[in-house]
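Here is a friendly briefing to read alongside the model.

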Amino acid sequence: MSEYKAHSELRNIGAKTVHTARLHRFTSDTPTEHHGTDTGPSPVEYLLGALGACLGASAAGYAHSPNYDIKIEKFAMDFIAETERYPDKSSKVTKIHVKIDSKTNLSKEENEKFVENVIHISTIHNTLQDSVEFSFEISND
């Protein structure tokens, strides 16, 4: 089991929130049309970034493992999230589409299996998969 800690504090400027995790500080905000000051990614954009970071770390884990002979030339991801707003003003991310462009030393079939394994071991994907509809597109362009 691993434990992670972070601290977040809303600043009195739009929706700007400053976060600290270990020695790292980062800012989130919302666009000006959502009453923010656009000084950082939105919470949903951070969610997509967290998914990308986890998928990237999972891919790197395979590449650095002595149990696999995988050399990654490229592992790039693009994300599109859809949200739904409800009558009570709450909202939720309902769909996430992920396009993964993976170039490795593997055959096309092995590369697709590698990407499927990366998705399977991703902590963030596994956390979200029961509440968000995912679609994946894998290419090796």
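## Pockets, core and loops

About 360 Å³ of space lies in the second largest pocket, while the largest pocket has a volume of about 670 Å³. Please keep in mind that this is a predicted model. The chain carries three helices and six strands, and buried residues make up 28% of its 141 residues.

- Helix 1, strand 4 (72–85) and strand 5 (91–104) are the elements that give two or more residues to the lining of the second largest pocket.
- By residue type, the lining of the second largest pocket divides into four nonpolar, five polar and four charged residues.

**The largest pocket**

- The largest pocket has 17 lining residues, and Tyr4, Ala21, Phe26, Ala50 and Ile124 lie nearest its centre.
- Two or more residues of this lining come from each of strand 2 (17–21), strand 3 (24–28), helix 1 (43–64) and helix 3 (123–128).
- Which element gives the largest share of the lining of the largest pocket? That is helix 1, with five residues.
- The lining of the largest pocket is made up of 10 nonpolar, five polar and two charged residues.
- For anyone checking such spaces by eye, rolling a probe the size of a water molecule over the atoms shows where empty space is left.

**The chain as a whole**

- The C-alpha trace spans about 50 × 35 × 30 Å along its principal axes.
- Among contacts with a separation of 6 or more, 45% are between residues 24 or more positions apart.
- The accessible surface of the chain comes to about 9600 Å², and 50% of this surface belongs to carbon and sulfur atoms.

**The nonpolar core**

- The largest nonpolar core has 18 residues, and the ones with the most contacts inside it are Leu55, Phe75, Ile96, Val98, Phe114, Val118 and Phe134.
- Helix 1, strand 5 and helix 2 (108–121) each supply at least two residues of this core.
- Helix 1 gives the most to this core, contributing five residues.
- Is Leu55 buried or exposed? Leu55, found in helix 1, has a relative accessible area of 0%, so it counts as buried.
- Beyond its neighbours within four places in sequence, Leu55 is in contact with Phe75, Met77, Phe79, Val98, Val118, Ile119 and Ser122.
- Leu55 and Ser8 sit 47 residues apart in sequence, and their C-alpha atoms are 24 Å apart in space.
- Phe134 touches Leu51, Ile96, Val98, His125, Leu128 and Gln129, leaving out residues up to four places away in sequence.

**Positive phi in the loops**

- Arg22 has its place in the loop between strand 2 and strand 3.
- Phi of Arg22 is near 55°, a positive value in a residue other than glycine.
- Because its relative accessible area is 71%, and exposed means over 50%, Arg22 is classed as exposed.
- Lys89 is found in the loop between strand 4 and strand 5.
- Lys89 is not a glycine, yet its phi is positive, at about 80°.
- The relative accessible area of Lys89 is 65%, so this residue is exposed.

**A residue of helix 1 to compare**

- Glu45 and Ser28 are 17 residues apart along the chain, and 9.0 Å separates their C-alpha atoms.

Methods
Residues are numbered from 1 along each chain as its sequence is written. This is a predicted model: local features need pLDDT of at least 70, side-chain atom pairs count only at pLDDT 80 or more; totals for chains, interfaces and linings use all residues. Side-chain values use heavy atoms; hydrogens and water are left out. On a 1 Å grid over the protein atoms alone, a cavity is a set of points where a 1.4 Å probe fits but cannot get out, and a pocket is an open set with protein on both sides within 12 Å along at least five of seven lines; lining residues have an atom within 4 Å of a point. Grid points are joined across faces, edges and corners, and a volume is the space filled by probe spheres set on the points. Helices (H or I, at least four residues) and strands (E, at least two) are DSSP runs, numbered from the N terminus. Ala, Val, Leu, Ile, Met, Phe, Trp, Tyr, Cys and Pro count as nonpolar, Asp, Glu, Lys and Arg as charged, and the others, Gly among them, as polar. Buried means under 20% relative accessible area, exposed over 50%, partly exposed in between (1.4 Å probe, protein chains only). Contact means heavy atoms within 4.5 Å. Accessible areas come from the Shrake-Rupley method with a 1.4 Å probe; for residues, only the protein chains shown count as cover. A nonpolar core is a set of buried Ala, Val, Leu, Ile, Met, Phe, Trp, Tyr and Cys residues joined through side-chain atoms within 4.5 Å.
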